[in-house]
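This briefing covers a predicted model.

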Amino acid sequence: MRGALALLLALAAGAAGAAPLMPWPVPGGVARVDLETAQRPEAVRYQGSPVRVSAKPEGGWEAIVGIDLDAEPGRHTLQVDGAERTFRVRAHTYPAQHIEIPDREMVTPPAETLERIRREQRTIRAAYRSRAVAAHPRLDLHHPVAEGQRSSRFGVRRFLNGKPRNPHSGLDLAAPRGTPIEAAEAGRVVARGDYYFNGKTVLIDHGDGLVTMYCHMATIGVEAGERIARGQPIGTVGATGRVTGPHLHWSVVLNGNTVDPELFL
Ligand SMILES: [Zn+2]
């Protein structure tokens, strides 16, 4: 239903140029909030983070707000040049998914790895909030693995070997090991590493609070700090970290919150 609606709107918008991002104001979704002003506001913030502001095709300005997966449904507040604007987050229940992973250390990590995991999570959280690039990126992103199969969708509530774990914070694209991965938009590499859960990983800051993350890679072909073009190969699909088979885990982050990557394709 949602997919069909998105397709219809994309087709309608296609005639007029670039497709606008579908508003989907739920936890893990994106709100488009009309700022009801003719002048571009100086600063729009949500939960303390700067928020992307775009010109509306019909005139005026809107905020494009990434909503955290843990957000409470109800009224949320934007700070707009010292004043407040509210928008409503609707409830949404994502499906549950049960996964069996034979390697117990990947389900419940041994105590001696916890410090490493915490350090890596701090690195990743910092990259989510990177502001290293001054740009107004496109929101219709380049598909990072064109022939990848969508094997696990964003937001699913995961149970590993029966134990509840964090909801899925990205989109899994299954493809053979070695398949090229391409950058979703132009930007700069703000972190790369080989992490306990995420395996070989690249994070790219695109500007305006938009960051994308690529995980479980077999090889990484870019350096930290490197400037990247839209569609540029950055590495290959692999099975490093906590995985059941080769795939790309792709996360899209907007104003610090991971949101549904399918909204951007
Ligand atoms: Zn994943």
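The largest pocket has a volume of about 1,100 Å³. Its lining comprises 40 residues, with at least three drawn from each of domain 1 (2-89) and domain 2 (96-264).

**Lining of the largest pocket**
- Asn166, Pro167, Ser169, Asn198 and Arg242 are the lining residues that lie nearest the centre of the pocket.
- Helix H3 gives the most to the lining, with six residues.
- Elements that each supply at least two lining residues include helix H3 (114-128), strand S8 (96-99), strand S16 (210-220) and strand S19 (247-254).
- By class, the lining has 16 nonpolar, 16 polar and eight charged residues.

**Annotated region**
- An unreviewed UniProt entry places the feature "domain: M23ase beta-sheet core" at residues 167-261.
- Over residues 167-261, the chain is 57% strand and 0% helix.
- The end C-alpha atoms of residues 167-261 are 14 Å apart.

**Aromatic pairs**
- The count of aromatic pairs comes to three.
- Tyr46 and Phe87 form a tilted pair, because their ring centres are 5.6 Å apart and their planes stand at 55 degrees.
- Tyr46 lies in strand S2 (residues 44-46) and Phe87 in strand S7 (residues 83-89), so this pair ties together parts that are 41 residues apart in sequence.
- Tyr46 and Phe87 are both buried.
- Tyr196 and Phe197 form an edge-to-face pair, with 5.2 Å centre to centre and 80 degrees between the planes.
- Tyr196 has 10% relative accessibility and therefore counts as buried, the cut-off being under 20%.

Terms used: Residues are numbered from 1 along each chain as its sequence is written. This is a predicted model: local features need pLDDT of at least 70, side-chain atom pairs count only at pLDDT 80 or more; totals for chains, interfaces and linings use all residues. Side-chain values use heavy atoms; hydrogens and water are left out. On a 1 Å grid over the protein atoms alone, a cavity is a set of points where a 1.4 Å probe fits but cannot get out, and a pocket is an open set with protein on both sides within 12 Å along at least five of seven lines; lining residues have an atom within 4 Å of a point. Grid points are joined across faces, edges and corners, and a volume is the space filled by probe spheres set on the points. Helices (H or I, at least four residues) and strands (E, at least two) are DSSP runs, numbered from the N terminus. Ala, Val, Leu, Ile, Met, Phe, Trp, Tyr, Cys and Pro count as nonpolar, Asp, Glu, Lys and Arg as charged, and the others, Gly among them, as polar. Domain bounds come from an automatic or database domain assignment. UniProt positions are given in the numbering used here, feature names are shortened, and annotations may be inferred rather than shown by experiment. Rings of Phe, Tyr and Trp (its six-membered ring) pair if their centres lie within 6.5 Å; planes under 30 degrees apart count as stacked, over 60 as edge-to-face and the rest as tilted. Buried means under 20% relative accessible area, exposed over 50%, partly exposed in between (1.4 Å probe, protein chains only).
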